[in-house]
Amino acid sequence: MHIMEGFLPVKHAIGWSIASAPFVAFGLRSINKRIKEKPEQRMLLGVAAAFTFVLSALKMPSVTGSCSHPTGTGLGAILFGPAAMAPIGAVVLLFQAILLAHGGITTLGANIFSMAVVGPFAAAAIYRFAKTARLPFGLSVFLAASLGDLLTYVTTSLQLALAFPDPVGGIAASFVKFATVFALTQIPLAISEGFLTVIVFNALVRFNPQELKEMNVVTAQEVQA
Amino acid sequence: MKRHQNLLMMIAVVVLVAVPLWMVHKPAPGPDGKDVEIFRGADDQAKDVISQLAPGYHPWFKPLMEPPSGEIGSLLFALQAALGAGFIGYYLGMSVTRARMRREFDKEAQC
């Protein structure tokens, strides 16, 4: 989902940066506040960041014959709320932009918006919705993580379509082209991300039930089950 | 049951990664004799789509630093994954031990 350095027109680059900045700022505040109130959650926040580090480094092959990577933002979005993931995603993207020439400084705002804003917000909303619908815990986590991942790539496709509309078919035709590259490739990877997130969550529920209960991520019955 | 479920999910991930490798075949070189690459990065392919849609577009900014070779690039990606995995492993290991010690402590307290 990395839009390469320089590949967004100046206006779009600035626009997406302005759109992402408040999320990163608000996320930083929410993380600071939480660590001050509950310093014991610092390690778990590290796990959320580490998970994003791992998953976004894994470039996996897909049935479309190209490679892409999962995002790993669903885990943290469910644990700490979507806002916390904006600065964490921004750190990962900055690391890759500066050291790896993967993504870029000028496209950082747009990439933060897709991976660290839309993905986590979608994941957290889907998780909450799944819980209200009384879906089982594992299934809720799976849906949240995999759909959050997929929506990140749909967002990237939309960002590129807005910047490069098709001369004939306009934004819609261009969106289809970019979505074929990104979103279609992403489907098996999103499923993988869903499974990996559930595996980590199963471990957390088993060994850290107290923390998760305090954070209102799981209910007492789910810990027992 | 839970352990069973985790194992099945891990196998599913491996299968999801392995199946494309086996399913996608390298097409024959095109009429221009150029070798067709498979399993390129989707980010790179997006670049191709951009040059199709807007042939006149030139990127207006260059990466500040580029890994000098593909090897160095994979070194940094491996480092990124290793740091993350290392931390998760440390935390889970710590949690397992803590949970066990808690259980033992409770048992002793009951005696």
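Predicted model: local features only at pLDDT ≥ 70, side-chain atom pairs only at ≥ 80, totals over all residues.
The contact between the two chains draws on 62 residues of chain A and 55 residues of chain B. Together the chains bury about 5,400 Å², and carbon and sulfur atoms account for 76% of this area. On the side of chain A, the residues that lose the most area to chain B are A:Phe7, A:Met43 and A:Phe207, which together make up 11% of what that side buries.

Polar interactions across the interface were counted by residue pair. Between chain A and chain B, 18 residue pairs are in polar contact, with both residues at pLDDT 80 or more. The elements of chain A that each give two or more residues to the side touching chain B are the helices α1 (10-37), α2 (42-57), α4 (82-100), α7 (170-181) and α8 (183-207), together with the strands β1 (60-61) and β2 (66-68). Of the side of chain A that touches chain B, α8(A) provides the largest share, with twelve residues. Sorted by class, this side of chain A consists of 41 nonpolar, 15 polar and six charged residues.

One salt bridge is found across the interface of chain A and chain B. It is formed by the side chains of A:Glu211 and B:Arg98, with an N to O distance of 3.0 Å.

Strand pairing also links the two chains. Strand β2(A) is joined by two bridges to strand β1 of chain B (residues 40-41), and the two strands run parallel. Within this pairing, A:Cys67 lies opposite B:Gly41 of β1(B).

Leaving aside residues up to four places away in sequence, A:His102 touches A:His2, A:Lys59, A:Gln96 and A:Ala97 in chain A, and B:Asp43 and B:Phe77 in chain B.

A:Ala101 is placed in the loop between α4 and α5 of chain A as well. Although A:Ala101 is not a glycine, its phi is positive, at about 50°. With a relative accessibility of 13%, A:Ala101 counts as buried.

A positive phi, of about 60°, is also found at A:Asn216, which is likewise not a glycine. A:Asn216 belongs to the loop between α9 (209-214) and α10 (220-224) of chain A. In contrast to the buried A:Ala101, A:Asn216 is exposed, its relative accessible area being 69%.

Helix α3 of chain A (residues 73-80) was examined for burial. Eight of its eight residues are buried, and the helix is therefore largely enclosed by the rest of the structure. The buried residues of α3(A) are A:Thr73, A:Gly74, A:Leu75, A:Gly76, A:Ala77, A:Ile78, A:Leu79 and A:Phe80. The residue that follows α3(A) is A:Gly81, which has a positive phi near 90°.

Note on methods: Residues numbered from 1 in each chain as written. Chains lettered and ligands numbered in written order. Heavy atoms only, no water. Contact = heavy atoms within 4.5 Å. Buried area = accessible area lost by both parts, 1.4 Å probe. Salt bridge = Lys/Arg side-chain N within 4 Å of Asp/Glu carboxyl O. Polar contact = N/O pair within 3.5 Å; in protein donor to acceptor, adjacent residues only side chain to side chain. Helix = DSSP H or I, 4+ residues; strand = E, 2+ residues; numbered from the N terminus. Nonpolar A, V, L, I, M, F, W, Y, C, P; charged D, E, K, R; others polar. Pairing = 2+ DSSP bridges. Buried < 20%, exposed > 50% of the residue type's maximum accessible area, 1.4 Å probe, protein only.
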